[in-house]
Each structure stands twice: as structure tokens, then as C-alpha cells.
Amino acid sequence: MFDFTVVTQWVDEMLRQLLPAPLVNATEFVLVGICLLVAYAVMALGLIYAERKVCAFFQCRLGPNRVGPYGMVQTVTDMIKMLIKEIIEINHVDRFLFNLAPYIVIIASLLAFSCIPFAKGLEIIDFNVGIFFLIAVSSIGIVGILLAGWASNNKFSLIGAMRSGAQMISYELSIGLSILTMVVLTGSMQLSTIVESQADGWFIFKGHIPAFIAFVIYLIAGTAETNRGPFDLPEAESELTAGYHTEYSGMHFGFFYVAEFVNMFIVAAVATTLFWGGWMPLHIPGWESFNAIMDYIPPILWFLGKSAVMVFIIMWFKWTFPRLRIDQLLTLEWKYLLPINLCNLFLMVFIVVFKLHF
Amino acid sequence: MRSTQEYFSSFFNGLGSLLKGMSITLREFFTPKTTEKYPENRAHLKMFDRFRGELIMLHNEKNEHHCVACGICEMNCPNDTIHVESEMITTEDGKKKKVLTRYMYDHGSCLYCQLCVRSCPHQAIAFVPTFEHAVFTREKLILQLNHEGSHLEENKAETTGKSN
């Protein structure tokens with residue numbers, strides 16, 4: 001299997017020959033940053049296109065089909081439109097916080113994005129508490145949303161932000177507990193180790209019942225965490241115009257929009273990493289030739305393919321279920337998901353202690 | 001005890017209904033899409049029969065229509081869209097008769113309610129499902145519906161009095 005560290009080491013050696021030592025690190029930081037930002041932007045464009053197509057297909061439409069083949073250039077043109085739009089100065093806002101909020105949201109999302117192990121050796125931040133770090137940074141985004149709502153000086157924005165706060169703090173528990181369930185099974189928080197230990201079977205098979213329950217809960221809580229339908233009541237366009245980003249325009253709005261989509265990808269990617277083997281190819285014990293063929297598919301494709309399926313499921317949720325009311329939302333979390341999650345965690349501990357997993 | 005039972009039953013009921021909803025949307029995902037790619041499929045795009053695009057006067061192959069210029073359509077029109085212009089002529093056997101000269105239809109003010117077609121005692125007019133009606137001036141929307149040189153269908157004129 002192709003190890004991406006070959007490429008990174010080659011770049012590193014080349015830079016060391018060309019530049020003095022202190023500059024090498026700085027150059028590498030910049031290079032990694034650029035790669036990350038480009039990947040982030042491309043991912044966002046792809047996801048927006050996918051969302052519009054999937055939404056259209058669920059509604060018996062074709063979706064974008066005019067610009068480029070199958071409308072694939074549509075999101076690029078939308079991005080250009082968004083970039084050249086004016087950022088309107090609002091009179092009675094807290095200007096500093098108002099302008100700061102979208103950057104906090106996007107930085108949180110970018111930090112979480114950089115933790116994801118895309119392929120063998122292709123991970124930017126990888127250390128012993130990787131998944132913990134990921135949860136921590138992805139929760140920073142909520143500060144940005146609350147700031148946006150507060151600084152906008154608008155009732156709709158404030159209500160949206162407060163709902164978002166209540167929702168994210170509640171569902172963070174579910175996400176944390178379902179991830180903890182998997183950490184109990186792995187015995188490690190390092191994302192690369194988590195993926196490596198799934199070489200002989202993905203955790204959804206290894207951990208069978210509790211892993212599956214944890215997966216379902218993770219997916220529900222992850223959907224809520226990204227403020228997507230049916231949990232999109234912070235935005236609830238029919239009652240709050242656009243929730244916390246009502247007052248934003250131009251690229252500031254674009255940051256919220258892009259962060260929402262990439263957060264969906266991050267949730268899908270973490271689900272892939274934790275439950276579906278990350279970039280590990282599908283191996284069935286005994287089928288040697290089948291396994292050999294599966295090894296030929298590059299790990300990045302495995303990872304993106306699995307994440308695409310997860311993203312599709314999240315979109316499927318959005319275009320099927322009606323939006324929840326705030327009390328229904330909190331009932332779902334506190335009365336159903338949380339108790340189930342705690343029982344599930346106990347079950348997983350039981351299974352791990354008595355070695356009932358595969 | 002009862003509330004416990006309710007808790008679990010509501011949980012599984014909810015789960016069941018969610019899965020049912022998801023199965024329905026997934027089926028919808030794979031159904032053929034109804035979107036018409038309009039300018040490309042212009043050649044074979046067919047509107048459904050009940051679509052009301054434009055009022056026409058029905059003419060047969062001998063360039064005859066059924067309109068007796070009674071003006072009921074004009075009276076029924078809520079928008080004053082139709083103007084029936086007629087004249088009195090004396091036929092060979094000395095009878096006085098009202099004959100249609102021009103049937104004017106202002107497409108720009110028609111609201112496609114079909115009251116004219118419903119009220120016509122001779123089924124002389126009908127709606128057709130054409131839809132490309134864009135023109136550059138309003139004058140072009142005022143149409144004369146009876147064809148040039150057309151006249152009332154002869155046997156029809158004799159029988160209608162009895163049948164109605």
C-alpha cells in the first residue's frame with residue numbers, strides 16, 4: 001500500500017538541501033497550510049455541489065445542470081460571485097466581534113479538518129490524544145456562532161445563536177460518549193493508531209452491537225452538531241430568516257456557509273475513521289485474491305468513498321425528516337440518546353473486559 | 001410502569017416511522033426526474049392536454065368554424081379579453097342573419113379561466129397547449145381568431161337551433 005510519508009520526506013529532504021534549517025520549518029508550515037486551505041476549499045465546493053444534486057434528486061428534480069457538464073462548474077461560479085460581493089457594514093453592531101465571529105467558526109472547522117487521517121501517512125496533526133483534540137477544536141465553532149448572534153444586535157440572530165448553543169452543548173455529550181465507546185474498544189486516542197488497529201477488521205464489525213449503536217448515535221449527534229436538518233433550527237429560515245448569520249453578507253456569510261458544509265464532511269470523516277476503518281481497504285478473511293485487488297485501490301479513495309457514503313446518509317436525513325422543535329430536540333438528546341449512550345458505553349466496557357469482541 | 005412502557009414503545013415507534021420515511025425518500029431518489037430541459041427538448045416537448053396556453057377558434061379543413069357570433073363568450077369574459085365583431089346580412093331566402101366578421105382575442109389580458117370555452121353553445125373555441133408566446137410589443141398579442149375567408153359551417157347552422 002502506498003505510504004504518503006515517501007512524498008513528505010522527499011519534500012523535506014529537498015527543502016533541507018536548498019534552504020538553511022530554520023527556514024525549512026517555516027516553509028513547510030506555509031506549504032502545509034496552503035495544501036490544507038486548498039483541500040478545504042475544494043472539499044467545500046464539492047460538498048455544496050453534492051448537496052444541491054442530492055437534494056434535487058430527492059425532490060424529483062435534476063438540480064444544477066446548466067453551467068459545465070452536469071452543472072459541475074456551478075459551485076465555482078457561485079464561489080466567484082460570493083468572493084466579489086460587498087461585505088455590508090451594519091450600523092448598530094459590535095464591529096469587532098461581528099467581524100471576528102466568522103473567522104472563529106472557520107478556524108475551528110479548519111483545525112478539526114487538519115486532524116483527519118486521509119490516507120496512510122497523509123495526516124497533518126497526529127498525536128496521542130488526536131480524537132480528543134478534534135472534539136475540543138470542533139467545539140470552538142460554537143463560540144463563533146454565539147458571537148455572531150450576540151454581535152449582530154438582531155433578535156433573530158440572537159435566538160438562532162442561543163438555540164444553536166443549547167443544541168451543540170447537548171449533542172456534544174452524545175458525540176463525546178459515542179467516541180468514548182470506540183476509544184474503549186481501541187484503547188487509543190491517536191487517530192493513526194485507531195486506523196491501523198482496524199487492518200484486520202473494521203470496528204463496526206469488530207465491536208458488533210455496541211459499535212453499531214454508537215455509530216447510529218454518533219451520526220444523529222453529528223448531524224445535530226453541524227446544525228443541519230432536521231436539526232437546523234438555529235437557522236430555521238421560515239421563522240428566523242437565517243438565524244445567527246442573518247446580518248452577514250459577502251464572504252463573511254460564505255465562511256459560515258462553507259464551515260457548515262465542511263463540518264458535515266468532518267463528522268462523516270470521523271465516523272469513517274472510528275467505525276468504518278478509515279483508509280483501510282475492505283478485507284474479507286480467507287478471500288486472498290479479493291483482498292489483493294482491494295489493496296490496489298489507493299487508501300485516499302477508500303477514505304473519500306466511505307466518507308461520501310456517510311455524507312450521503314447525513315444528506316438523506318436532511319431531505320427526509322421535518323425540522324424538530326427546540327423541546328423535541330432536547331428531549332431526544334437528554335431522554336433518549338444520553339441514557340442509551342451510557343448503557344451502550346457500559347455494554348462496550350463489558351464486552352472489552354470479557355473479550356467478547358472479534 | 002405505564003410510563004416506562006410508553007417510553008420504550010414511543011422510542012421504537014419513532015424509529016420505525018423514521019426508517020419508513022427514509023425508505024420512501026430513497027425510492028424517490030432513484031425515480032426518473034420530472035425536470036424538462038426546455039430549450040434542448042423543444043422538438044419533442046409535449047404539454048399535458050389540460051394545459052391552457054392560448055385560445056383558438058376551431059376550423060375544419062374547408063375553413064369553416066362553428067361561431068354564430070352570439071357574444072356569450074364576450075359577456076362571460078371577466079377581463080374583457082374577447083371582442084366579437086359581427087354584421088347583419090340578409091340571406092338569399094330573405095332571412096336576416098348575424099354573421100361573424102372578426103373575433104378579436106387579447107392574449108395579453110387573458111387569464112386562462114376557460115369561462116368562454118365553457119359557455120360557448122357551439123364548441124367553437126378551445127384552448128390549445130402551446131406556450132411560446134413571447135413577443136416584443138403588446139399589439140402583437142391581440143389576435144384575430146377566425147381565419148381569413150372563413151365562414152360558418154353550413155349544416156351546423158341549420159341543426160344547432162334544434163339540438164340546443
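Predicted model: local features only at pLDDT ≥ 70, side-chain atom pairs only at ≥ 80, totals over all residues.
Trainee: Turning to the largest pocket, which element gives the most to its lining?

Mentor: The largest pocket holds about 1100 Å³ of space, and among its 31 lining residues those nearest the centre are A:I220, A:L332, B:G14, B:L15 and B:L18. At least two lining residues are supplied by each of α10 (208-225), α14 (299-318) and α15 (326-353) of chain A and by α1 (2-30) of chain B. With eight residues, the element that gives the most to the lining of the largest pocket is α1(B).

Trainee: And how many residues of the lining of the largest pocket are nonpolar, polar and charged?

Mentor: The lining of the largest pocket is made up of 31 residues, and some of them come from chain A while others come from chain B. By class, these residues divide into 24 nonpolar, six polar and one charged.

Trainee: What is the volume of the largest cavity?

Mentor: Rolling a probe the size of a water molecule over the atoms shows where empty space is left. A search of the whole structure in this way finds four cavities of 30 Å³ or more. The largest cavity is lined by 26 residues, and A:S138, A:M168, A:E225, A:T226 and A:N263 lie nearest its centre. Its volume is about 330 Å³.

Trainee: Which element supplies the largest share of the lining of the largest cavity?

Mentor: The elements that give two or more residues to this lining are α4, α5 (130-138), α6 (141-151), α7 (155-186), α10 and α12 (250-275) of chain A. By class, the lining of the largest cavity has 17 nonpolar, six polar and three charged residues. The largest share, seven residues, comes from α12(A).

Trainee: How many residues apart in sequence are the parts that A:K318 and A:E51 tie together?

Mentor: A:K318 and A:E51 form a salt bridge in which the closest N and O atoms are 3.8 Å apart. Because A:K318 lies in helix α14 of chain A and A:E51 in helix α2 of chain A, the separation in sequence of the parts tied together is 267 residues.

Trainee: Is A:E51 buried or exposed?

Mentor: A residue is called buried when its relative accessible area is under 20%. The relative accessibility of A:E51 is 5%, so A:E51 counts as buried.

Trainee: Which helices hold A:D78 and A:R52?

Mentor: The side chains of A:D78 and A:R52 meet in a salt bridge, with 2.8 Å from N to O. A:D78 is partly exposed at a relative accessible area of 26%, and A:R52 is partly exposed at 30%. The pair ties together parts that are 26 residues apart in sequence, because A:D78 and A:R52 lie, respectively, in helices α3 and α2 of chain A.

Trainee: Which strands of chain B hold B:E85 and B:R102?

Mentor: The side chains of B:E85 and B:R102 also meet in a salt bridge, at 3.1 Å from N to O. B:E85 counts as partly exposed, with 31% relative accessibility, and B:R102 is partly exposed with a relative accessible area of 36%. This pair ties together parts that are 17 residues apart in sequence, since B:E85 and B:R102 lie, respectively, in strands β3 (residues 82-90) and β4 (residues 96-106).

Technical notes
Residues numbered from 1 in each chain as written. Chains lettered and ligands numbered in written order. Heavy atoms only, no water. 1 Å grid on protein atoms, 1.4 Å probe; cavity = no way out; pocket = protein on both sides within 12 Å on 5 of 7 lines; lining within 4 Å. Points joined across faces, edges and corners; volume = space filled by probe spheres on them. Helix = DSSP H or I, 4+ residues; strand = E, 2+ residues; numbered from the N terminus. Nonpolar A, V, L, I, M, F, W, Y, C, P; charged D, E, K, R; others polar. Salt bridge = Lys/Arg side-chain N within 4 Å of Asp/Glu carboxyl O. Buried < 20%, exposed > 50% of the residue type's maximum accessible area, 1.4 Å probe, protein only.
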